[in-house]
Amino acid sequence: MGREAFARQALDFGNSFFTANKNYNLATSNFFYRIALFLDPEVPDAWHQRARIDFLNADFDGALLKINTQIAIHGDSF
């Protein structure tokens, strides 16, 4: 399995902790998104999800930086 596949798996793990169920945990989801981006900086949707977490944590500058990165890499495909 290549880095891209591991990155997508980490993204899936992050998404599993960024849902409205008993697993909801922003720190854990952010951890997995960071791993996904380390493995593949262009993994789909990870920058967007990290921007959402920054926004929820009132880190608006960080959120803006990350959403702009998402747009620069993927345009409006998400």
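The model is predicted. The protein chain contains 4 helices and 0 strands, and its pattern along the sequence reads α-α-α-α. With 78 residues, a compact globule would have a radius of gyration near 12 Å, and the value for the protein chain, 12 Å, agrees with this.

**Overall dimensions and surface**

- The C-alpha trace of the protein chain spans about 35 × 35 × 20 Å along its principal axes.
- Buried residues make up 36% of the 78 residues in the protein chain.
- The protein chain exposes about 5,000 Å², of which carbon and sulfur atoms supply 58%.

**The nonpolar core**

- In soluble globular proteins, nonpolar side chains tend to be buried together.
- The largest nonpolar core in this model has 12 residues, including Ala-7, Leu-11, Phe-18, Tyr-33, Leu-37, Trp-47 and Ile-53.
- Helix 1, helix 2 and helix 3 are the elements that give two or more residues to this core.
- Helix 2 gives the most to this core, with 4 residues.
- Ala-46 also belongs to the core; leaving aside neighbours within four places in sequence, Ala-46 is in contact with Leu-11, Tyr-33, Leu-37 and Gln-70.

- The buried residues of helix 3 are Ala-46, Trp-47, Gln-49, Arg-50, Ala-51, Ile-53 and Asp-54.
- An α-helix has 3.6 residues a turn, so residues three or four places apart point the same way.
- The cover over the buried residues of helix 3 includes helix 1 (3-16), helix 2 and helix 4 (60-74).
- Just after helix 3, Ala-58 takes a positive phi of about 65°.

**Ser-29 in helix 2**

- Ser-29 has its place in helix 2.
- Ser-29 counts as buried because its relative accessible area is 0%, which lies under the 20% cut-off.
- Not counting residues up to four places away in sequence, Ser-29 touches Gly-14, Phe-17, Phe-18 and Ile-53.

**Asp-54 in helix 3**

- Asp-54 is found in helix 3.
- The relative accessible area of Asp-54 is 8%, so this residue is buried.
- Once residues up to four places away in sequence are set aside, Asp-54 touches Asp-59, Gly-62, Ala-63 and Lys-66.
- Asp-54 and Arg-34 are 20 residues apart along the chain, and their C-alpha atoms are separated by 13 Å.

**Asp-40 in a loop**

- Asp-40 is found in the loop between helix 2 (26-39) and helix 3 (46-56).
- Which side chain of opposite charge is nearest to Asp-40? The nearest is Arg-8, 6.2 Å away.
- Asp-40 is buried yet has no salt bridge, because a salt bridge requires a side-chain nitrogen of Lys or Arg within 4 Å of a carboxyl oxygen of Asp or Glu.
- Not counting residues up to four places away in sequence, Asp-40 touches Glu-4 and Ala-7.

How values were computed:
Residues numbered from 1 in each chain as written. Predicted model: local features only at pLDDT ≥ 70, side-chain atom pairs only at ≥ 80, totals over all residues. Heavy atoms only, no water. Buried < 20%, exposed > 50% of the residue type's maximum accessible area, 1.4 Å probe, protein only. Lys, Arg positive; Asp, Glu negative; His and termini not counted. Contact = heavy atoms within 4.5 Å. Core = buried A, V, L, I, M, F, W, Y, C linked by side-chain atoms within 4.5 Å. Rg over C-alpha atoms; globule rule 2.2 N^0.38 Å. Areas by Shrake-Rupley, 256 points an atom, 1.4 Å probe, with all protein chains shown as cover.
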